[in-house]
Amino acid sequence: MAPVTLHNIQKHFGAVSVIQDLSVDIADGEFVVLVGPSGCGKSTLLRMVAGLEEVSGGQIRIGAREVSDLPARDRDIAMVFQNYALYPHMTVEENMGFALKLKKANPADTAQRVKKAAEILGLEKLLDRYPRQLSGGQRQRVAMGRAIVRNPQVFLFDEPLSNLDAKLRVVMRGEIKAMHQRIGTTTIYVTHDQIEAMTMADKIVVLHDGNIEQVGAPLDLYDRPANLFVAGFIGSPSMNFLEGKVEEGVFRTDKGLILPLPANATPEEFAGRPLVYGIRPEHIRVGDQGIQGRAAIVEGTGSEIFAKLDCGSEQISCLFRERIDIRFGDTVGISIDPKQVHLFDKASGRRL
Amino acid sequence: MTRRLMKRKTLDRIGLLFVALVMVSPVVLFFIWMISLSLKYEIENGAYPPILIPENFAWTNYVQVFKENNFFLYFWNSVLVTGAATLLALIIGVPAGYGIARLKAERAAIVIMIARMTPGLSFLIPLFLLFQWMNLLGTLWPQIIIHLVVTVPIVVWIMIGYFETTPMELEEAASIDGATPWQVFRLVALPIAKPGIVVAFILALIFSWNNFVFGIVLASRTTRTLPVAVYNMLSFEQVSWGPLAAAALIVTLPVLVLTLFAQKQIVAGLTAGAVKGG
């Protein structure tokens, strides 16, 4: 186990700059999730930590060691790949023991460690099988087992769940988190799925176009997004964004809808500036606040109802937790909790 | 509706069978005719209309092949030349293919291809002089060395194709697991490429075994390979088709058996299960 420090990391592919100037501190034993849309540089960043991609500038430290120029084999890390990357010609046992065999570890000791990892992951009965004889979830576990056996300083995960079906993904998500809590190894986990990020991370790093948008604990990001990008990226369904201005103590959207101001806002502070009004669908309730909308889309899942309402010429997404009977075309009155409203500066995108 | 569909399906199948038959017929007919020739006496071989299945099988043709020629020596020469040329080609070509595939060194691959495309005769003569000067001409070495011109490009090109399709993540995983580049090649890339190596081995073997031009120029009386030996059975006085066909069949046989035997190996993909969907 060791802390990981990324300091002023840069990456160019030829003239294309993928990562500009990025610094993150990862504490010992922390579970950090790098999240962002495809092409944001998160996988490249992980591969640079792994030593599979060269660093164009900056430093990577694992513990006290500067590893930027070390080959992958000398960095003492383990990685789980998206497609598992199990050696097809080796059994599960050989796959898991491969790293120790390369280190010329005592075979009895290796067998012992493989057995222990197999127990943690429920793979005892599969040790003699080949990867092609395993299901997706089992392959995923073997890939994790291969990482555990090494007892490395850092675990790296590169979108490890994206090849699994939805149900298994939820199960494996829990298993990875449980494994981390049990072993406590510093972990860097890359995903494009914000729900994985929210549920697993101690700390989330939101990346966009090779820059860090925000670093923080999952709920911090949810409650206090730094800017429009993070606000829109974290949370599902996405936050509603409505453009407009503060006028006469209320927020008036460009299309004329009138909405309540945030609880702590003083109207004078924002008057006249072009702003973006943000409210999450789950913070809108059925109520009588003077806002009426006609249901354009209604989707019930049983536990909640998602609806898109046409309020004048604005469309607002709502997520109702209570069972209400609305159908397409019905008119619904809604109320917005002023404590949950965010205001963003339109020009900079920053939260105010 | 179902009946019409079934009729349609049967017709399709018959059509397919017919097309397949037409496509393979030249090869099969040659082969059958060669077997027939090798089992007939000289009189029947010249008969008109031609006879396909003779009344008495002339097994003596086969006996004659072994009796009249130094057939076992030529067979052994062929085994040595082809074996050495194929093994050397694998030793050189598999790592070369890996290196070219990983470094994306297409130009190197093209240079090797050019060596293969150049007509054999253009470098045979200078090499003949070179071998003469090196005093190698009475030995099998000239043929082994020159067969590499045939076998190495085959191996390199097949291996480039194979290594390009094996997933890079496996090698990355190995390097993270602590493997040096050489260990990555030996312990991961090489075992996975086994089906490709088998294909390269068989094709190199067939091309080398069947090679005629190099042997006819470079072989002396005692260093002949089988194709050259068969050719030498044609004498000025007469052509005895029976023994000739028998000899040709014997030459073909090892390659044929090998191909049948190795078919399974070629088809069985070892990468299954390495990545999702395998």
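Trainee: How many helices and strands does the secondary structure of chain B come to?

Mentor: Helices (H or I, at least four residues) and strands (E, at least two) are DSSP runs, numbered from the N terminus. Chain B comes to 13 helices and zero strands. Before we go on, this is a predicted model, where local features need pLDDT of at least 70, side-chain atom pairs count only at pLDDT 80 or more, and totals for chains, interfaces and linings use all residues. Residues are numbered from 1 along each chain as its sequence is written, while chains are lettered from A and ligands numbered from 1 in the order in which they are written.

Trainee: What share of chain B counts as buried?

Mentor: For burial, count the other C-beta atoms, placed from the backbone, within 10 Å of a residue's own: 20 or more is buried, 12 or fewer is exposed, and in between is partly exposed. In chain B, 35% of the 278 residues count as buried.

Trainee: Why does A:Gly256 count as exposed?

Mentor: Because A:Gly256 has 11 C-beta neighbours inside 10 Å. You'll find A:Gly256 in the loop between strand 12 (250-253) and strand 13 (258-259) of chain A.

Trainee: Which domains does the assignment give for chain A?

Mentor: Domain bounds come from an automatic or database domain assignment. Here it gives domain 1 (4-233) and domain 2 (244-345). Their centres, taken over C-alpha atoms, are 39 Å apart.

Trainee: How many residues of domain 1 of chain A are in contact with domain 2 of chain A?

Mentor: Two residues are in contact if their C-beta atoms, placed from the backbone, lie within 7 Å. By that test, four residues of domain 1 of chain A touch four of domain 2 of chain A.

Trainee: And how many residues does the contact take from chain A and from chain B?

Mentor: There are 24 from chain A and 23 from chain B. On the chain A side, strand 6 (77-80) and helix 2 (92-102) are the elements that give two or more residues.
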